[in-house]
Amino acid sequence: MGMNMKVVRWIRNWLKGRLQRVVLKGELSGWKEVTSGVPQGSVLGPILFNLFITDLGTKSGNVLIKFADDTKLGGIANTEKDRDTIQEDLNHLVNWSNRNRMKYNSEKCKVMHLGINNKNFGYTLGAHQLEATEEEKDLGVLVDSRMTMSRQCDTAVKKANAILGCIRRGISCKDKEVLVPLYKALVRPHLEYCVQFWCPMFKKDEFKLEQVQRRATRMIRGMEKLPYERRLKELGLFSLAKRRLRGDMLALYKYIRGVNVREGEELFKFSTNVGTRTNGYKLDIRKFRLEIR
């Protein structure tokens, strides 16, 4: 990796000679030497782990995404040849885990089939047959095979309403100087976490999300009988739909002119029908397909 040997020796001395023991019901086990892994909560831990898995999936012929200890493999499988390509990538991942003595938890590994005309091929991880799933939580976001995101909307609304109820019962002061900061800090983040990914598709889901903010603004003294738009203006807030649109525009800017240009080239295509008085960033409208596995 081109690392200085002094750095390598420093890391080796930091990891060498570490001991651990287990406490169970007040009883202590004997000390055992730690032969693998890094101390949890350390600054160097995530860096060393990323260096350790840097060669994971280098032979993959499909999309491989790694985030900490979470690995996702995706690809198009319209034919048996496509299925075999994905299975070959899974075999490479298993071989890597065996070589590096870092076994996958096969029970937590699932396959999700997307698309109406999906052939629902079966896959194995080593000797384990992967179970097909209709819904899975990924980094806190519920994803279903239909990609409607309605379940994620319901989950976000439930969490936000629960915290809003705690604020209603626990905070006696109903002034906007108290409730608005609490709403922004404790409630709204649940309605907007990764929302550029799970933005609601249906009006009923949009209404559910907006209803939380409607309820929160009605809790404030003097705002109970005002229309929703008037309450937003008085409190200096925007509707959640407008905030999502603003977030989408910021994300799009980063994809075509900012830090994520490489990913943007895969997601968007610039239109060739551009006038002389435009900025040259007109996007071509394309149909998105759900044939990835």
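Student: Which helix gives the largest share of the lining of the largest cavity?
Tutor: The model is predicted: local features need pLDDT of at least 70, side-chain atom pairs count only at pLDDT 80 or more, and totals for chains, interfaces and linings use all residues. α4 (150-170), α5 (176-192) and α7 (203-218) each supply at least two lining residues. Helices (H or I, at least four residues) and strands (E, at least two) are DSSP runs numbered from the N terminus. The largest share of this lining, four residues, comes from α5.

Student: How much space lies in the largest cavity?
Tutor: On a 1 Å grid over the protein atoms alone, a cavity is a set of points where a 1.4 Å probe fits but cannot get out; a pocket is an open set with protein on both sides within 12 Å along at least five of seven lines; lining residues have an atom within 4 Å of a point. Points are joined across faces, edges and corners, and a volume is the space filled by probe spheres set on them. The count is one cavity of 30 Å³ or more. The space in the largest cavity is about 90 Å³.

Student: How many residues of that cavity's lining are nonpolar, polar and charged?
Tutor: The lining includes Leu164, Ile167, Tyr183, Thr217 and Met219. Ala, Val, Leu, Ile, Met, Phe, Trp, Tyr, Cys and Pro count as nonpolar, Asp, Glu, Lys and Arg as charged, and the others, Gly among them, as polar. By class, the lining of the largest cavity has eleven nonpolar, one polar and no charged residues.

Student: Between which domains does the second largest pocket lie?
Tutor: The chain is divided into domain 1 (5-51), domain 2 (55-133) and domain 3 (150-236), with bounds from an automatic or database domain assignment. Two of them give residues to the pocket lining, so the second largest pocket lies between domain 1 and domain 2.

Student: Which residues lie nearest the centre of that pocket?
Tutor: The second largest pocket has a volume of about 910 Å³. α1 (5-15) and α2 (44-52) each supply at least two residues of its lining. The lining divides into 14 nonpolar, five polar and five charged residues. Of its 24 residues, those nearest the centre are Leu15, Ser36, Gly37, Val38 and Phe52.

Student: How far apart are the C-alpha centres of domain 2 and domain 3?
Tutor: Domain 2 covers 55-133 and domain 3 covers 150-236. Their C-alpha centres are separated by 39 Å.

Student: How many disulfides are there?
Tutor: A disulfide is a pair of cysteine sulfur atoms within 2.5 Å. Cysteine 194 is in none: the nearest cysteine sulfur, that of cysteine 199, is 13 Å away. By this rule the count of disulfides is zero.

Student: Is arginine 101 buried or exposed?
Tutor: Arginine 101 sits in the loop between α3 (80-99) and β7 (110-111). Although not a glycine, arginine 101 has a positive phi of about 55 degrees. Buried means under 20% relative accessible area, exposed over 50%, and partly exposed in between (1.4 Å probe, protein chains only). At a relative accessible area of 76%, arginine 101 is exposed.

Student: What is the phi of leucine 139?
Tutor: Leucine 139 lies in the loop between β11 (135-138) and β12 (141-144). Leucine 139 is partly exposed, with a relative accessible area of 44%. Its phi is positive, in a residue other than glycine, and near 50 degrees.

Student: How many residues apart in sequence are the parts tied together by glutamate 192 and arginine 243?
Tutor: A salt bridge is a side-chain nitrogen of Lys or Arg within 4 Å of a carboxyl oxygen of Asp or Glu. Glutamate 192 forms one with arginine 243, the closest N and O atoms being 2.6 Å apart. Glutamate 192 lies in α5 and arginine 243 in α9 (residues 240-257), so the parts they tie together are apart in sequence by 51 residues.

Student: What separates arginine 230 and glutamate 234 along their helix?
Tutor: Residues are numbered from 1 along each chain as its sequence is written, and side-chain values use heavy atoms, with hydrogens and water left out. Arginine 230 forms a salt bridge with glutamate 234, the closest N and O atoms being 3.1 Å apart. Because they are four residues apart in helix α8 (residues 228-235), their separation is about one helical turn.

Student: Which residues are linked in a network of salt bridges?
Tutor: The count comes to ten salt bridges. Aspartate 70 and lysine 72 form one, with closest N and O atoms 2.4 Å apart. The network links Asp154, Lys204, Asp205 and Lys208.
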